[in-house]
Amino acid sequence: MQLPNLSHLPRDSRDTLFLLAVIAWVVAPLTQQVPLWCSLVTAAVMAWRAVLAWRNQTLPSRWWLLGLLALCLGATLITFKTILGRDAGVTLVVVLLALKTLELRARRDAFAVFFLGFFLLLTNFFYSQSLLTAAAMLVALLGLLTALVNAHMPVGTPPLWQAARLAGGMALLGAPIMVLLFVLFPRMSPLWGLPSDAMAGRSGLSANMTVGNIASLALDGSVAMRVRFEGNAPAQSSLYFRGPVLSSFDGRTWRARQSALPRASRLQAELQVQGPVSRYQVTLEPNKLPWLLVLDATPQAPVLVGKRAFMTRELQWVLDQPVTELLRYDVESYPNFRHGPLDAQPGLQEYLALPAGFNPRTLQLAAELQGAPGANTSSNAQWVALVMQRLRSGGYSYSLEPGQYGQHSADEFWFDRKVGFCEHIASSFVILMRALNVPARIVTGYQGGEKNMVDDFWTVRQSDAHAWAEVWIDGQGWQRVDPTSAVAPGRTGTLERLTAPRGVIATAILGNVSPELALSMRAAWDAVNNRWNQWVLNYTQVKQLELLKNIGFEEPNWQDLIYVLCAIVVLTSLGAALWSAWERHQQDPWLRLLQRAALQLQKSGVALAANSTPRQIALQLRASTAPASNQPQPAVKPWTDWLIRLEALRYAAPNPAHPGSIKQRLAALHRELKQLHWPK
């Protein structure tokens, strides 16, 4: 059976196929967020509806819809254990929109699909507020507006481009209002930033570190944060953004320690800073984690609005709530610092603990080193130097794919594989340090980044997630030691930065592009995304109040925002009213004269059809007043003659027998109209 050509489809079928295409565009980004069964059901239902429209077949009965709805409700309950919440709600809206297309029988049903589509469009921002998402949803908005305008167009088959042009004009007319509301409407936490059901965590860090965990994230090229320095930035090899500090080890997993010592015996930060200060601004991507990433060391709380931060004893800055939306904060850090006790204290014993029954060969190695001649006089600094030299010269290597480590991970690293990622190296180093009676712990965070030459922002990606060590040295306190730099020095510099592999599409597009051009394109795209983040996503109430301060408010608040917004709305309304009055005044004077004549006749009791032409009015007057002889009454003739002359002024060719300009002749007709009276 040969399918009909698209251009020859009935109007309803063509409009339905266009609407289905728009809905598919809206739903496509959500397929990564909703369950697989939801995506499959939605695709099947929309394909079914497209076939029905193409073949102009009847829609299924309501029993089919009720059955499918019951199945989808049941599947949602099984998947989420509820039908409430963000993810369950979005899943149901996707399914309901798809099912609603199976009952597009009337304009009312189409309007329900339109507005469900508008709502589903907004739900895309629950999961991503990126520039690409915004651009895709703008296309979806124009598509839905086009479908809505097309549904209101008269019968026939008007071309879609005509509806699209009208929809685009409507969007442009509404753009100033949108910008005004964006700039002045009081800012609140966005709906998609609610902590109860916010976006899934994407950070390369967690409260625990199990061997292999960070390795799985090293290939993630997504942005973790962006940093802009005032003045010269520190060297790339010294950019250590501090995250969770892990000091409790159970043989497999490192965790943050909950000290069992009395409060008076616990180690304190004892942070002392000196030397030049490094000032910078961080724009942190949402990660659903309560940590502020800052450079070592930051004695003062980062400057941020609406949140409180405090520093732990391990120098980590923690918020009072998770980061569920783009967060920007200003920081002052000191590269030269010292922290922790300078003399041995009981609290340091917590950083020597090792679980029994793990890594026996590493413990034996420590015993052999301690039993060597002169080892009993070795300081902690000397032990660190000895182990770092072993890493440099012992044939150890750095790899993104070190393989699966077993129960004795340090033994495998030191003696068997001699290969690992930063977490394997740092974990094995700290275990050996503790076995040598040197207090040590693991610090996780991000190291390095890349400078974007387009906008001078440093981009720190998930692939920059890193783990290093801190050891306690008598008279110096806690000191950073990065054992990875001994195995692969380029990993913490500029030579061997980790980069995520390209996908199939990126490989196809950039496969034949020079590396320099590819880097330039990436830098330009990062700069554009950064501007989007800075000026749109991070447009906070603070910026709004700064705007009011710039226009003259001394101490602006959110009430002032409301007053300014209301004043602009009132002034805009007055301007629109004046424009409307001016436009009416500028209306075609010929039409205005015809309307005045029609109004004068209607006030005299003559019933006229709406939008009648002068000739139609004249014929109607003759027909309504003619006696049986079909001769009009004498009082009607002046009116009909006037109406015919008014029509001739508009449509007849210029007549030399009637000199004068159009404006003069209109004025003459206007004077004559004042002389005309309809008989009572």
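This report describes a predicted model of a protein chain, moving from the confidence of the prediction to its cores, strands, aromatic rings and a few single residues.

## Confidence of the prediction

The mean pLDDT of the protein chain is 79, and 82% of its residues reach 70 or more. Among the elements of the chain, strand β20 (residues 477-481) has the highest mean pLDDT, 95, whereas helix α13 (residues 504-510) has the lowest, 47. Over residues 189-203 the pLDDT is below 50, and this stretch has 32 contacts in the model beyond near neighbours in sequence. Residues 500-509 also have a pLDDT below 50, with nine contacts in the model beyond near neighbours in sequence. Where pLDDT is low, the predicted coordinates should not be read in detail.

In soluble globular proteins, nonpolar side chains tend to be buried together. The largest nonpolar core of this model has 46 residues, and those with the most contacts inside it are Leu19, Val94 and Leu120. The elements that give two or more residues to this core are the helices α1 (11-27), α2 (36-55), α3 (62-80), α4 (86-100), α5 (107-123), α6 (131-152) and α7 (160-184). Of these, α6 gives the most, with nine residues. Leu19 touches Leu104, Val113, Phe114, Leu144 and Ala147, when residues up to four places away in sequence are not counted. A second, separate core has 42 residues, including Val384, Trp414, Phe421 and Leu436.

## Strands and their pairing

Strand β16 (residues 440-447) is largely enclosed by the rest of the structure, because eight of its eight residues are buried. Strand β3 (residues 240-246) runs antiparallel to β16 and is joined to it by five bridges; within this pairing, Phe241 has Tyr446 of β16 as its bridge partner. Strand β19 (residues 465-473) is also antiparallel to β16, and seven bridges join the two. Here Thr444 stands opposite Ala467 in β19.

Elsewhere, three strands form an open sheet in the order β8-β11-β10, with antiparallel pairing. Its edge strands are β8 (291-292) and β10 (309-311), each of which pairs on one side only. Two bridges connect β8 with strand β11 (residues 317-319) in the antiparallel sense, and Leu292 stands opposite Trp317 in β11.

## Aromatic pairs

A pair of aromatic rings is described by the distance of the centres and the angle of the planes. A search of the whole structure finds nine aromatic pairs, and the table sets out two of them.

| Pair | Centre to centre | Angle between planes | Arrangement |
|---|---|---|---|
| Phe115 and Phe118 | 6.1 Å | 40° | tilted |
| Tyr240 and Trp468 | 4.8 Å | 75° | edge-to-face |

Phe115 and Phe118 are separated by about one helical turn, because they are three residues apart in helix α5. Phe115 counts as exposed, at 51% relative accessibility, whereas Phe118 counts as buried, at 18%.

## Single residues in loops, and the cysteines

Ile83 lies in the loop between α3 and α4, and its relative accessibility of 39% makes it partly exposed. Leaving aside neighbours within four places in sequence, Ile83 is in contact with Thr76, Leu77, Ala88, Gly89 and Leu92. Ile83 and Leu73 are 10 residues apart in sequence, and their C-alpha atoms are 7.8 Å apart in space.

His339 also lies in a loop, the one between β13 (336-338) and α8 (360-371), but His339 counts as buried, at 1% relative accessibility. Beyond its neighbours within four places in sequence, His339 has contacts with several residues, among them Arg242, Glu270, Arg441, Glu470 and Trp478.

A disulfide is a covalent bond between the sulfur atoms of two cysteines. A search of the whole structure finds zero disulfides. For Cys38, the nearest cysteine sulfur, that of Cys72, is 7.3 Å away, and a disulfide here requires sulfur atoms within 2.5 Å. Cys38 is buried, at 0% relative accessibility, while Cys566 is partly exposed, with a relative accessible area of 44%.

Methods. Residues are numbered from 1 along each chain as its sequence is written. This is a predicted model: local features need pLDDT of at least 70, side-chain atom pairs count only at pLDDT 80 or more; totals for chains, interfaces and linings use all residues. Side-chain values use heavy atoms; hydrogens and water are left out. A nonpolar core is a set of buried Ala, Val, Leu, Ile, Met, Phe, Trp, Tyr and Cys residues joined through side-chain atoms within 4.5 Å. Buried means under 20% relative accessible area, exposed over 50%, partly exposed in between (1.4 Å probe, protein chains only). Helices (H or I, at least four residues) and strands (E, at least two) are DSSP runs, numbered from the N terminus. Contact means heavy atoms within 4.5 Å. Two strands pair if DSSP finds at least two bridges between them. pLDDT is the predictor's confidence in each residue, from 0 to 100. Rings of Phe, Tyr and Trp (its six-membered ring) pair if their centres lie within 6.5 Å; planes under 30 degrees apart count as stacked, over 60 as edge-to-face and the rest as tilted.
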